[in-house]
Amino acid sequence: MLKINGVSRRFGDVTALSEVSLEIRQGEFFALLGPSGCGKTTLLRILAGFEFPDEGSVTLDGENLLSQPAHRRPINLMFQSYALFPHMTVAKNIAYGLEREKVSRSEVRRRVEEVLEKVGLSAMAGRRPHQLSGGQRQRVALARAIVKRPRLLLLDEPLSALDKKVRAEMQLELKRLQNEVGITFVVVTHDQEEAMSLADRIAVFSAGRVEQVDAPVELYERPATRFVADFVGANNLFEGQVAAGGLAADGLGVLPGAPDLPAGTPALLAVRPERIRLIEATEVTDEAEQLKVVDGGVLRGEAVDVSFYGGISHVSVRVEGHPVPVLVATQGATKVRAGSSVALSWAEPDGVLIPQ
């Protein structure tokens, strides 16, 4: 549906976007994920018509989108601040765009009532924005954006102004609404959890370039670059060279990893904290030997910090020869205490090798 091909945008000496190419499908929930200043909002503004690229093309349904002025594009943008009119009621805010397009009164009323019901605000049609909660204002902004039935809806950090609990509720609401109305959504966010929970596919940006485009599970399980491995969720990274059975890391021996790169290739080994098995010193003697056979390798170290997060515990382990502590995530409360000697192990498929 939407094809972005070789788009670049520079501001003086700063390159905001460098040869970005993406394809977004009809009815897809697509996320642009990355840290502040990586170019994702610049791309959103190009799609909306507020910026123009120095190079490249953008087509929507095969037609040149860049030749159309912003107000003629079948696209709506939902702002981070919501930008509601404070002197208008909820219903009037939603109806504003339709009224500007000279849609008949009966059609405006019908479509406003329909979208109010979809977002669960029918009882609040007569209220003004200051009488609503943050989550309700967000729904009004969303209703105003979808009432015009755009081909494409752009959302710029749509949930950043909400507290954690409301944000989780609105993530579910956004996904439900997107499925219901069938509009293609493109959301810009720096929040990995938000992107992972909402999107069908995610494009990870870094310094104006696309690092990887994939479904959330693939992106998490098989990061293609060091940046993606480090940015999307917590990860333990080891440097070395590909060897039989995994990665040969200086001072650590051969660490288990899926052998899908040629031997001798300089690489990183990425292991998610929840994939690592941890055993205390009292159990190490017998079980560590067993783990070597089952999982292909063991690291030994000292627990330096233990944090409990309700359903999960994080244990930081100092391993001699590795510059940073290894992070381990275990279900529930752990018996391991700071200062304990521990052994770490993981299965070969859980170690992802990334070429340097």
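Q: What volume does the largest pocket have?
A: This is a predicted model, so local features need pLDDT of at least 70 and side-chain atom pairs count only at pLDDT 80 or more, while totals for chains, interfaces and linings use all residues. Residues are numbered from 1 along each chain as its sequence is written, and side-chain values use heavy atoms, with hydrogens and water left out. A pocket here is an open set of points on a 1 Å grid over the protein atoms alone, where a 1.4 Å probe fits and protein lies on both sides within 12 Å along at least five of seven lines; points are joined across faces, edges and corners, and the volume is the space filled by probe spheres set on them. For the largest pocket that comes to about 850 Å³.

Q: Which element gives the most to the lining of the largest pocket?
A: Lining residues have an atom within 4 Å of a pocket point, and there are 26 of them here, with His71, Ile75, Asn76, Gly97 and Lys148 nearest the centre. Strand E6 (75-78), helix H2 (90-100) and H4 each supply at least two, where helices (H or I, at least four residues) and strands (E, at least two) are DSSP runs numbered from the N terminus. With four residues, the top contributor is E6.

Q: Which helices do the buried residues of H2 pack against?
A: Buried means under 20% relative accessible area, exposed means over 50%, and partly exposed is in between (1.4 Å probe, protein chains only). In H2, the buried set is Val90, Asn93, Ile94, Ala95, Gly97 and Leu98. Counting contacts as heavy atoms within 4.5 Å, that set packs against H3 and H4.

Q: Is E9 largely enclosed or left open by the rest of the structure?
A: Look at both faces: Arg201, Ala203 and Phe205 on one side are buried, and so are Ile202, Val204 and Ser206 on the other. Six of the six residues of E9 are buried, so the strand counts as largely enclosed.

Q: Which residue of E10 stands opposite isoleucine 202?
A: Two strands pair if DSSP finds at least two bridges between them. E9 pairs with strand E3 (residues 29-33) in the parallel sense over four bridges, and there isoleucine 202 is the bridge partner of alanine 31. E9 and strand E10 (residues 209-214) run antiparallel and are joined by five bridges. In E10, the residue opposite isoleucine 202 is aspartate 214.

Q: Which strands stand at the edges of the open sheet of four strands?
A: The order is E2-E1-E4-E5, with antiparallel pairing. Each edge strand has a single partner strand, so one side of each is left without a neighbour in the sheet; these strands are E2 and E5 (63-64).

Q: What is the N to O distance in the salt bridge of lysine 175 and aspartate 200?
A: A salt bridge needs a side-chain nitrogen of Lys or Arg within 4 Å of a carboxyl oxygen of Asp or Glu, and the count comes to 20. Lysine 175 lies in helix H5 (residues 164-181) and aspartate 200 in the loop between H6 (192-198) and E9 (201-206), so the pair ties together parts that are 25 residues apart in sequence. Aspartate 200 is partly exposed at 34% relative accessibility. The separation is 3.1 Å.

Q: What separates arginine 110 and glutamate 114 along helix H3?
A: Their side chains meet in a salt bridge at 3.5 Å, N to O. Arginine 110 is partly exposed at 39%, as is glutamate 114 at 33%. Since they sit four residues apart in H3 (residues 105-118), the separation is about one helical turn.

Q: Which residue forms a salt bridge with glutamate 23?
A: Glutamate 23 is in strand E2 (residues 14-24), and its partner is 20 residues apart, in strand E1 (residues 2-11). The closest N and O atoms are 3.8 Å apart, and the partner is lysine 3.
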